[in-house]
Each structure stands twice: as structure tokens, then as C-alpha cells.
Amino acid sequence: MSTRERGTVHGLPDWDRCAVMGVINVTPDSFSDGGRWFDTTAAVKRGLDLVAEGADLVDVGGESTRPGASRVDEDEELRRVVPVVRGLASEGVAVSVDTMRASVAEQAVAVGAVLVNDVSGGLADPAMVPVVAACDVPFVVMHWRGFSEDMNSRAVYADVVAEVVAELRARMDAVVAGGISPERLIIDPGLGFAKQAGHDLDLLARQTELRALGRPLLIAASRKRFLGHILAAEGSPPPARERDAATAAVSAIAALQGAWAVRVHEVRATADAVRVARAVEGAAL
Ligand code: PMM
């Protein structure tokens with residue numbers, strides 16, 4: 001898979017393989033790593049460790065989006081995120097900020113974030129698109145049907161892939177109309193967001209249909225519920241932190257199908273997985 005097929009994002013390096021985005025949730029309650037990196041010093045150290053393990057980008061978020069989560073207060077989100085972004089950026093790390101709030105995106109970019117990752121694709125905060133357009137940084141448009149509190153009730157599809165593609169296309173058009181350069185867009189099917197396990201699998205299986213949207217694709221499967229469903233023995237899914245081998249398997253599959261990047265909590269195995277995928281692609285040429 002050449003860089004041309006995987007796509008490039010204006011403003012970010014061209015990695016010669018699927019990129020690895022490591023995750024830090026600076027939250028007390030994210031579903032897979034909540035509470036572990038809640039302190040700024042621990043979170044910055046964790047980010048540097050993720051880079052040492054092979055992360056190309058580090059995604060810093062201060063709001064849990066696990067199913068059922070209620071929203072964090074804006075000041076609290078700023079307090080959690082901005083010092084960690086500043087600390088990592090000052091160490092030369094390529095930092096992405098995972099936020100639905102324009103104020104958080106703006107302040108994170110001001111202290112060095114190079115990418116805004118908004119799980120609502122600009123829908124949660126009307127100021128997000130103008131702010132990202134003004135900052136002129138890359139923007140992740142994720143498929144989203146509403147806040148986590150009640151998103152599971154929106155997981156209703158006749159054809160999940162066709163509907164996600166159509167809804168993402170509409171969001172891409174809206175954010176471009178709002179001033180964000182199309183060359184700066186990354187798209188993401190939003191695995192687990194208003195999706196049941198079968199929907200997530202369909203989206204992974206039919207990744208090429210998402211690629212037809214013409215922009216680089218980010219896949220964020222790490223530790224998600226659908227992996228728990230696949231791995232469940234006798235009805236009990238393993239806890240989130242025991243889903244990293246399954247996550248690395250998804251990373252290899254996604255990379256081979258042309259994903260631009262994968263977003264994961266445990267970086268080392270995925271860094272290996274994307275390198276294996278690159279080697280297989282190279283051998284197939
Ligand atoms: N999922 C989570 C958080 N941020 N960002 C993108 N672009 N795509 C996702 O699917 C996504 C995300 C939820 O997982 P986490 O809170 O355990 O990291």
C-alpha cells in the first residue's frame with residue numbers, strides 16, 4: 001500500500017506505513033484506562049513512554065466518552081488537558097487533542113497540539129469548525145450520532161457501512177464549507193459510538209468502502225466492547241485491559257486494508273503489527 005493509496009494529511013509527516021496513535025486519557029473514568037494517567041506528571045511520562053514504544057502521535061483527552069458517560073465541565077477539561085499537551089509538545093512529541101470543545105482545541109493548539117480529534121466531528125460545539133479552520137490544523141471527523149449518555153439507543157442501521165459513509169460525507173462537506181481545508185481532514189468510522197458489536201465488525205470488514213470517501217482513515221478499535229464480545233468465554237468478556245492482543249490483531253488487519261493510522265492504548269504490539277503489515281505489503285509488490 002503506497003502512501004498515495006493510504007492518503008496524506010497536510011501538516012503531518014508521511015509515515016511509510018500505517019501510523020500509530022497512542023492514547024492518554026487524563027480522566028478518572030475512561031472505560032479502559034481511566035484513573036491511571038490523571039496526574040499531569042504521570043500523563044506526560046506516559047506519553048513519552050508511548051513514543052519510546054513506537055507511537056508516532058499521542059492523543060490526549062480529558063473527557064471520557066465511554067457509553068453512558070456524562071460530560072465533564074469545561075474548566076476541568078482544560079485543567080486536565082492543556083498542561084499535558086504543553087509538556088509533551090515541549091518534548092517534541094506530535095500531540096493530538098481529543099476534545100469536543102472548541103476552547104480546549106484552541107488552547108491545546110496554542111501550546112503545541114498539531115491535530116484536533118473531535119469524536120463529534122464538529123457537531124457538539126458550533127465553535128469547533130471555525131476554531132479549527134482559523135488554527136489551520138488537521139481535523140479528525142468521526143462518525144457520531146450524539147453524546148455518550150444515550151448513544152447506544154442510536155445504534156440502529158439498515159446498512160451500517162452505507163449509512164456511516166453517507167453521514168461522514170455530509171460532515172466532511174459541512175466542515176469544508178465551514179473553512180477547514182479538505183487536505184487536512186482525516187475520517188474515522190467511530191467504532192463503538194452508537195454501534196453494536198456487529199456494526200463495528202461490518203465497518204472493519206468493509207473498510208475499503210470508507211476509503212472511497214477519499215480521505216485518510218483512522219481506526220480506533222483499542223480495547224472496545226466488540227473485542228470483548230469476540231473474546232467472551234461463557235458469556236463473560238475479558239476486562240478492557242486484557243484486550244490488547246486482540247487490538248493488535250485489528251491493527252494489522254486495518255493497516256493491511258489501508259488505514260492511515262490506528263489509535264491504541266498499548267502501543268508496542270501495534271507498532272510491531274503495522275511494521276509486519278508494511279513488510280507483507282512490500283513483499284506483495
Ligand atoms: N474512541 C474513544 C476516544 N476517542 N477518537 C477517535 N478519533 N475515534 C475513536 O473511536 C475514539 C476516539 C473512546 O475510547 P477511549 O476513551 O478508551 O480512548
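Let us start with two helices: α3, spanning residues 74–89, and α4, spanning residues 102–110, pack with their axes 10 Å apart and at an angle of about 20°. Here an axis is a line fitted to C-alpha atoms, for helices over the stretch in contact, and angles run from 0 to 180 degrees between N-to-C directions. Angles under 35 degrees count as roughly parallel, and α3 and α4 are therefore roughly parallel to each other.

Before going further, please note that this is a predicted model, in which local features need pLDDT of at least 70, side-chain atom pairs count only at pLDDT 80 or more, and totals for chains, interfaces and linings use all residues. Residues are numbered from 1 along each chain as its sequence is written, and side-chain values use heavy atoms, with hydrogens and water left out.

Which residues of α3 and α4 meet? On the α3 side they are Glu74, Glu77, Leu78, Val81, Val82 and Val85, and on the α4 side Ser103, Val104, Gln107 and Ala108; contact means heavy atoms within 4.5 Å. Sorted by class, this contact has six nonpolar, two polar and two charged residues.

Helix α3 also holds Glu76. Its relative accessible area is 21%, which makes Glu76 partly exposed, a label for values between buried (under 20%) and exposed (over 50%), found with a 1.4 Å probe on protein chains only. Glu63 is 13 residues away from Glu76 along the chain, and their C-alpha atoms are separated by 9.2 Å.

Now turn to the strands. Helices (H or I, at least four residues) and strands (E, at least two) are DSSP runs, numbered from the N terminus. Eight strands form an open sheet with parallel pairing, in the order β6-β5-β4-β3-β2-β1-β8-β7. At the edges stand β6 (185–188) and β7 (218–219), each with a single partner strand, so one side of each has no neighbour in the sheet. Helix α6 (residues 160–177) packs on the sheet and touches β5 and β6, its direction making about 155° with that of β6.

Within the sheet, β3 (residues 95–98) runs parallel to β4 and is joined to it by three bridges, with Ser96 opposite Leu115 in β4. Strand β4 (residues 115–118) in turn pairs with β5 in the parallel sense over three bridges, and Asp118 stands opposite Val141 in β5. Two strands pair if DSSP finds at least two bridges between them.

In a regular strand the side chains alternate between the two faces of the sheet. Strand β5 (residues 139–142) has both faces covered: Phe139 and Val141 are buried on one side, Val140 and Met142 on the other.

Conventions:
Parallel < 35°, antiparallel > 145°, perpendicular 65-115°, else oblique. Nonpolar A, V, L, I, M, F, W, Y, C, P; charged D, E, K, R; others polar.
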